[in-house]
Amino acid sequence: MPIDPAKAVAAEPRSAEISWDHKDVQLYHLGLGAGVPATDPDELRYTLESRLHVLPSFATVAGAGMGVVGGLSAPGIDIDLAAVLHGGQSITLHRPLPTAGRAVSTSRVAAVYDKGKAAVLVLRSEAADEDGPLWTSDASIFVRGEGGWGGDRGPSERLPLPDRAPDADVERPIREEQALLYRLSGDWNPLHADPEFAELAGFDRPILHGLCSYGMTLKAVVDTLLGGDVTRVRAYRTRFAGIVFPGETLRIRMWAGDGRVQVAVTAVERDDAPVLADTLVEHS
């Protein structure tokens, strides 16, 4: 089979130097819809270099997301990229991200699971600079048609939502051109820009990047429940449960707990169809 789990997990990690500056951070934030209203002091923290802070989900695009790309080309993996779906994402922050920096990003296949009709690759990326670790990022990648070898099915944890009204319920519009702007941060998949490619993939028009919804959601949590303080975020994880199209609206419901916020994200215009599920932000 195209995936050799033992070989993939045993392969030597791949390392590369990555770097970013304030322009990369600002572009990422703009790709998430930051800057509306343009002169709002809360939004200027995302768009103006003299006030800039870094939303922790920036880790998914720093260095153009080298961890996922490196993982899919690791020894023991030979797959059709058309069969690949991004199933989930988690980030653990070891300290606040600087607005500009250089780091070494090390990527490896942390696990391979057999889901029967699909395989799941857990691609781990760890970044550190001269002062120590910055973040650890895990991307769960579904590979359709590659399961069934009798391996470990892996975890299937679900996070039930609290049985009460949310503490916050906000809507975030997705601009028509937002996917075109977000892809400038490094994800050039034509699924998010080319109508003909999207049609071949089974969609009537290009869809928004899952990681864009991921970043928009974290921004909403930070701005709504964490006082706009990005440094309070300790970890953030989600499962990609569905798609959303540019021009639609995300509904983001939040339940605050002891050092954590549970979140459910749906598409308003499609009867609250799920977009992100099992979503948790851990904070100080």
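Tutor: A word on conventions comes first. This is a predicted model, in which local features need pLDDT of at least 70 and side-chain atom pairs count only at pLDDT 80 or more, while totals for chains, interfaces and linings use all residues. Residues are numbered from 1 along each chain as its sequence is written, and side-chain values use heavy atoms, with hydrogens and water left out.

Student: How are strands and their pairing to be read, and which strands does E8 pair with?

Tutor: Helices (H or I, at least four residues) and strands (E, at least two) are DSSP runs, numbered from the N terminus. Two strands pair if DSSP finds at least two bridges between them. Strand E8 (residues 249-256) is joined to strand E6 (168-173) by 6 bridges in the antiparallel sense, with Glu-171 opposite Arg-251. E8 also pairs with strand E9 (residues 260-267), again antiparallel, over 7 bridges; here Ala-256 has Val-261 as its bridge partner. The hairpin of E8 and E9 has 3 residues between the strands, and Gly-259 takes a positive phi near 70 degrees there.

Student: Where does the pairing continue from E9?

Tutor: E9 pairs with E10 in the antiparallel sense over 7 bridges, and Thr-266 stands opposite Pro-274. These two strands form a hairpin with 5 residues between them, where Asp-271 in the turn has a positive phi of about 55 degrees. E10 (residues 273-283) is in turn joined to E7 by 6 antiparallel bridges; Arg-239 has Ala-277 as its bridge partner, and Ala-235 stands opposite Glu-282. Strand E7 (residues 233-240) pairs with strand E2 (residues 84-93) as well, antiparallel over 5 bridges, and Ser-90 is partnered there by Arg-237.

Student: Is E10 mostly covered or uncovered?

Tutor: Buried means under 20% relative accessible area, exposed over 50%, and partly exposed in between (1.4 Å probe, protein chains only). E10 is mostly covered, with 9 of its 11 residues buried.

Student: Two loop residues interest me. What surrounds Ser-57, and what does Gly-63 touch?

Tutor: Ser-57 lies in the loop between H3 and H4, and counts as buried because its relative accessibility is 0%. Leaving aside neighbours within four places in sequence, Ser-57 is in contact with Tyr-28, Ile-91, Tyr-214, Gly-215 and Leu-218. Its side chain makes a polar contact with that of Tyr-28 at 2.7 Å. A polar contact is a pair of N or O atoms within 3.5 Å; within protein, one must be able to donate a hydrogen and the other to accept it, and residues adjacent in sequence count only if both atoms are side-chain atoms.

Tutor: Gly-63 lies in the loop between helix H3 (41-47) and helix H4 (66-72), and is partly exposed because its relative accessible area is 29%. Gly-63 touches Ile-18 and Ser-19, not counting residues up to four places away in sequence.

Student: How is a nonpolar core defined, and how many residues has the largest one?

Tutor: It is a set of buried Ala, Val, Leu, Ile, Met, Phe, Trp, Tyr and Cys residues joined through side-chain atoms within 4.5 Å. The largest has 51 residues, and Trp-20, Phe-58 and Trp-135 are among those with the most contacts inside it. Helix H7 (residues 210-225) gives the most to this core, with 8 residues.

Tutor: On a 1 Å grid over the protein atoms alone, a pocket is an open set of points where a 1.4 Å probe fits, with protein on both sides within 12 Å along at least five of seven lines; lining residues have an atom within 4 Å of a point. Of the 17 lining residues, Gly-33, Val-36, Glu-43, Arg-172 and Lys-219 are the closest to its centre.

Notes. Contact = heavy atoms within 4.5 Å.
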